[in-house]
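Work through the exercises below with the model open beside you. Try each task before you read its solution.

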Amino acid sequence: MPDIEVRNFAGKINSPNPFWLASAPPTNTGEMIMRAFDAGWGGAVWKTIGEPITNVSSRYSAMDWNGQRVVGFNNIELISDRTVEQNLREMAEVKKRYPKNAVIASLMVASTREAWHEIVTRAEDAGADGLELNFGCPHGMSERGMGSAVGQVPEYAEMITAWVKEKARTPVLVKLTPNISDIRTVARAAKRGGADGLSAINTINSITGIDLDTFVPRPNVDGKSSHGGYCGPAVKPIALNMVQQILADPEAALPLSGIGGIGTWRDATEFLLLGCGTVQVCTAVMHYGYRIVEDMAEGLDNWMREKGFKTIEDFRGLSLNRVTEWKHLNLNYKIVAHIEEQKCIGCDLCHIACWDGAHQCIHLDRVTGPVDGHVELHRTPAAEEAESRTSIAETPVTRKERAVAFAQGPYPTPLERIPRVDETECVGCNLCSLVCPVDGCITMVQVDTGLKPETWDERTRGAACVTQTQAP
Amino acid sequence: MSSAALSDDEQLRARFSELKPPLTTQAAVIESDRCLNCFDAPCTAACPTHIDVPGFIKRIATGNLRGSAMRILDANILGASCARVCPVDVLCEGACVLTRQNRKPIQIGQLQRHAMDAFWASGETVPMYAQGARKVRVACIGGGPASLACAAELCRRGSQATVIDRRDLPGGLNTYGVAEYKLRAADSVREVEMIRRLGVQFRCGVEVDSAPALEALEKEFDCIFLGLGLGAMQRLNIPGEEANGVINALELIAAYKTGHLKELRGTVAVVGAGNTAIDAANAARRLGASTVYMVYRRSESEMSAFDFEYEHAKQEGVQFLWNRLPVAIREEAHGRLLLDTVQVRQQEGKLERVPESEAEIACDMVVPAIGQSPLTQILQELRGIEVRDGKIVADRATGQTGNPRYYAGGDCVNGGREVVDAVAWGKRAALAMLKSAEVAHA
């Protein structure tokens with residue numbers, strides 16, 4: 001059975017699995033965290049502790065898409081509204097009852113050495129297994145010179161990290177804000193300041209939407225709104241990108257706790273494949289509750305079993321060097337779309353997508369006779385649609401008419417609605433396979449170009465040599 | 001004409017509660033989101049009026065309900081009643097590509113109803129189109145869907161149309177002949193009112209049944225559209241058919257829809273197994289008949305009713321007697337009837353009576369429902385119009401008959417199909433008339 005335990009993360013943090021709750025509402029109190037540990041969470045980063053704040057009511061908003069609730073989530077809630085004493089008392093209790101689970105204290109105080117020294121000491125005295133410096137909170141706190149106000153200035157981040165390291169006995173993680181043009185600059189600063197690890201990403205500045213009746217963006221706080229922090233499934237691609245950037249940079253790379261849109265074992269595994277040592281989850285738990293961790297652990301376990309991995313270290317980071325600069329991609333690799341006729345349901349979304357969004361090489365000409373070549377040779381989608389609107393259709397009222405109307409041909413879909421790919425024009429962009437609603441119906445098939453692999457880098461370097469030799 | 005002519009009978013409404021309750025707003029949005037938005041969608045192609053189905057569905061998803069209704073009405077002015085009465089299984093929903101993925105088709109009919117209900121609730125009116133250069137004056141004979149669609153299309157484009165119907169209320173079978181649990185007569189009348197507001201004139205209670213009447217119309221109008229529908233119900237042609245208690249299916253349906261028949265008791269025998277026969281049988285059950293038989297001379301696999309109608313009738317508790325031929329009706333004491341029947345079997349394509357298989361069905365009502373006869377009477381008066389197999393011969397694309405001033409569409413041309421087919425005929429004819437007027441003046 002695979003082992004998904006985490007050992008010595010960022011030096012010496014252990015947890016029964018890599019699934020941690022991020023510093024957020026689900027980790028607001030000791031009672032909540034203990035219930036989360038009962039449900040199976042390996043660790044929890046406490047809701048950020050600092051001088052208690054006052055929150056506004058109406059704090060969250062979400063983006064729904066195509067009937068799915070909470071594709072993206074946004075909040076303007078600040079750090080803990082409970083006193084430092086209360087939080088730390090509960091933390092000590094949690095650590096006593098759950099010694100094997102990781103409890104990380106997320107901290108945010110005024111930017112003075114004394115304030116940081118004091119909070120570090122108190123959190124560690126309460127039994128925290130590690131510290132997470134909240135340099136990421138993008139709303140409210142940043143207006144007071146904390147959170148992302150620190151995380152956006154490498155010098156501040158380095159300085160405060162160094163202050164914390166002067167006192168800390170447990171591993172220090174710096175939580176990074178994505179609201180910066182290059183997240184690596186702050187990651188490098190944290191590393192220079194002596195951080196033991198990083199957490200990334202925090203939420204992304206957002207306005208989720210505007211109420212078209214009141215004209216007030218959401219969430220509406222008495223007629224006004226404020227920039228919030230965006231998270232949830234929609235942000236995962238952005239998070240993966242930033243995590244990869246950090247881990248691929250020797251000056252920035254540190255043990256990393258991956259955050260951003262993780263809701264399933266699949267998401268988590270992707271972060272681990274980029275090299276994260278643990279992952280943190282918030283929005284999915286806010287949507288469905290702590291119970292989602294069961295499938296996360298089971299799913300990861302099953303996947304590892306299937307792939308033959310015994311520990312997380314067996315596959316951690318395997319995908320990191322699969323990301324490269326564009327100039328190192330093989331220009332002579334060619335794929336073309338292939339449509340599996342037996343699976344096609346005839347929605348023809350690939351056809352319209354290729355015509356209006358790609359390279360006009362998927363046609364509806366199986367019956368009229370295939371025509372390969374440029375766009376001018378073909379009827380436009382608008383002409384096809386117009387012709388179809390002039391056809392005369394009748395309700396099949398007799399049994400015989402119905403038998404004809406619903407007669408089965410060689411494929412489930414009538415041949416005239418099964419699109420055809422003109423491979424001479426297909427550039428292999430993937431668009432059709434992405435919009436096709438049927439799994440496995442459109443596949444991208446590699447075509448042998450007979451050319452040796454060649455990157456842009458190689459090609460232009462070669463060209464530079466040629467130019468040089470030809471120069472008089 | 002007004003819906004006041006229809007009694008709003010509480011008991012009737014209770015007995016004929018809607019077969020499919022409307023979708024809630026959220027359910028409609030969820031269902032709309034499920035639509036793949038196919039290119040040149042098969043559902044649109046399958047619809048005789050070519051409603052832009054994904055177009056109106058995606059407008060529901062975005063909350064553009066006015067746009068959704070307009071998308072429907074531009075293609076099919078009777079979109080509200082078609083949403084309720086169309087046999088969607090064999091039309092749009094039957095063509096939905098999701099079925100090829102073993103998924104439920106989009107509930108297109110229900111979504112269309114949602115958009116149209118929102119249209120009614122908003123109090124919106126149907127806007128006119130940009131007016132064409134040429135105007136025509138058209139008389140539409142018959143007040144059913146074909147004529148209504150033809151007249152509405154003409155008036156929306158700035159021409160004049162007058163609908164002439166022999167009944168008190170226009171709407172044809174939409175008003176008088178559709179099962180009340182699918183489409184209430186009042187809803188049909190409301191739809192007609194919407195068409196009246198486009199400028200369509202109505203002459204109700206007027207029969208055009210003579211050559212002079214037609215000549216008068218020819219003088220008054222440029223073109224005449226024949227949306228005559230079909231003739232009277234076919235007779236069984238068996239002894240005793242004149243007995244009290246024998247009432248054909250369309251009479252039965254019209255009688256309860258207009259409040260003239262409120263209750264039935266005992267046993268009812270419906271003869272036939274088409275969609276109208278099922279409507280009548282279900283109606284008899286809902287009106288209180290304890291036992292309803294459908295007597296059909298052929299087998300289950302040969303019945304012409306749609307599968308979903310057959311299933312519905314079974315759920316209503318209708319019992320089916322297959323391969324049984326009615327041979328006579330006898331009157332008994334206390335107004336009861338005896339329907340004499342005999343078992344038949346197929347023999348070389350002909351029905352042959354099975355010896356000693358006679359059986360009598362004691363009942364209180366016999367309802368012949370073996371189809372409508374073709375119109376013959378008026379057609380003899382029409383000069384230059386060919387009638388073949390009881391159907392007016394008209395060009396499929398234009399509805400034009402052998403007499404260039406006469407167009408025709410709907411049941412009198414296609415022999416009896418669905419409301420949506422009639423609408424398509426009416427619309428095509430209207431556009432053809434306008435085009436021909438333009439060509440004539442070019």
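This is a predicted model: local features need pLDDT of at least 70, side-chain atom pairs count only at pLDDT 80 or more; totals for chains, interfaces and linings use all residues.

Residues are numbered from 1 along each chain as its sequence is written, while chains are lettered from A and ligands numbered from 1 in the order in which they are written.

**Exercise 1.** Describe the side of chain A that touches chain B.

Step 1. Apply the contact rule: C-beta atoms, placed from the backbone, lie within 7 Å. By this rule, 31 residues of chain A meet 28 residues of chain B.

Step 2. Look for helices (DSSP runs of H or I, at least four residues; strands are runs of E, at least two; both are numbered from the N terminus). α11 (349–357), α12 (381–389) and α13 (399–405) of chain A each supply at least two residues of this side. α12(A) gives the most, with 5 residues.

Step 3. Sort the residues of this side: 14 are nonpolar, 9 polar and 8 charged. Ala, Val, Leu, Ile, Met, Phe, Trp, Tyr, Cys and Pro count as nonpolar, Asp, Glu, Lys and Arg as charged, and the others, Gly among them, as polar.

**Exercise 2.** Trace the open sheet of 4 strands in chain B.

Step 1. Write the order: β7-β6-β5-β12, with parallel pairing. Strands pair if DSSP finds at least two bridges between them.

Step 2. Find the edges. β7 (319–321) and β12 (365–368) of chain B each pair on one side only.

Step 3. Join β5 (residues 267–271) of chain B to β12(B): 4 bridges link these parallel strands. In β12(B), Val366(B) is the bridge partner of Ala269(B), and Pro368(B) stands opposite Val271(B).

Step 4. Check the directions of the side chains. In a regular strand they alternate between the two faces of the sheet. Met365(B) and Val367(B) point one way from β12(B), Val366(B) and Pro368(B) the other way, and all are buried. Buried means 20 or more other C-beta atoms within 10 Å of the residue's own; exposed means 12 or fewer, and partly exposed lies in between, with C-beta atoms placed from the backbone.

**Exercise 3.** Why does Asn330(A) count as partly exposed?

Step 1. Locate Asn330(A): the loop between α10 (292–307) and β15 (334–339) of chain A.

Step 2. Count. Asn330(A) has 14 C-beta neighbours inside 10 Å, so Asn330(A) counts as partly exposed.

Step 3. List contacts, leaving out residues up to four places away in sequence: Asn330(A) touches Pro453(A), Glu454(A) and Thr455(A).

Definitions and conventions
Two residues are in contact if their C-beta atoms, placed from the backbone, lie within 7 Å.
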